[in-house]
Amino acid sequence: METLQTAFPIPFYLVGDVISESENNVLVDKILSLSETQTKRGGTAWFSGKNSPKTNFEVFGLHEHKEFNLITEKVTYYVNNFAKKHNSLRTFEATEGWYNVYTKENYQEFHIHPLSVFSAVYYATFPKGSSPTIFQNPVIDMFPPFPCTTPTDFTRDKLLMYPPGDRTLVIFRSFLHHMVPSGTNESPRITLAYNFA
Ligand SMILES: [Fe+2]
């Protein structure tokens, strides 16, 4: 008997239609209006500097802003569902929240979200030409069995996460390296990012 087992899986939690289209439109308008007066790009922490998305990172916490209660509560609900899939007995709360407005040439380098257990990205808009969030496989493999005809979940060196569409949420463990390459989108790719501990 032969059995193929996989060990050390990396879980991702995907949720579609997190809020309704009309609720999302209100959210997008709110973010676009806030980002008009936004002078910071990526705060002081991001290497992407002037090519960072417009963001409120290091300006104010979205998770404490009551205008964003609806989406924060939804994200918190799904993060705790994901925690339950880990058999966790804890309830997790948002410790940080920020929006990102990417137009072409905006990007963010590979990074992790320190001091958090779970992180979440909600895709409010994902127009044509937008870049996916790219997650790096944390397994260090010095000698993978390349070449392969087609990469599999256990031979690929990177995992490309294409959000299935607008109003989609991706939840992941905060230690995972991820980045957003620059895109070709003319209209803004808008995400909300949260950390939970
Ligand atoms: Fe991130």
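Begin by selecting Ala120, Tyr122, Ile171 and Leu192, which touch the most other members of the largest nonpolar core, a set of 33 residues. Bear in mind throughout that this is a predicted model.

Next, colour the elements that supply at least two residues each to this core: the helices α1 (21-36) and α2 (69-85), together with the strands β3 (94-102), β5 (118-125), β8 (168-173) and β10 (189-196). Among these contributors, β5 gives the most, with 6 residues.

Now centre the view on Leu192 and, leaving aside residues up to four places away in sequence, show what Leu192 touches: Leu62, Ile71, Gly97, Tyr99, Tyr122 and Ala124.

From there, turn to the strands and display the open sheet, in which 6 strands follow the order β1-β8-β5-β10-β3-β2 with antiparallel pairing. At its edges, select β1 (12-15) and β2 (54-55), each of which pairs on one side only. Staying with β2, look across to β3, where 2 bridges join these antiparallel strands, and pick out Thr55, which stands opposite Asn100 of β3.

Finally, select α2, which lies across β1, β3, β5, β8 and β10 and runs at about 135° to β5.

Definitions and conventions:
Residues are numbered from 1 along each chain as its sequence is written. This is a predicted model: local features need pLDDT of at least 70, side-chain atom pairs count only at pLDDT 80 or more; totals for chains, interfaces and linings use all residues. A nonpolar core is a set of buried Ala, Val, Leu, Ile, Met, Phe, Trp, Tyr and Cys residues joined through C-beta atoms within 7 Å. A residue is buried if 20 or more other C-beta atoms lie within 10 Å of its own, exposed if 12 or fewer, and partly exposed in between; C-beta atoms are placed from the backbone. Helices (H or I, at least four residues) and strands (E, at least two) are DSSP runs, numbered from the N terminus. Two residues are in contact if their C-beta atoms, placed from the backbone, lie within 7 Å. Two strands pair if DSSP finds at least two bridges between them. Axes are lines fitted to C-alpha atoms, for helices over the stretch in contact, and angles run from 0 to 180 degrees between N-to-C directions.
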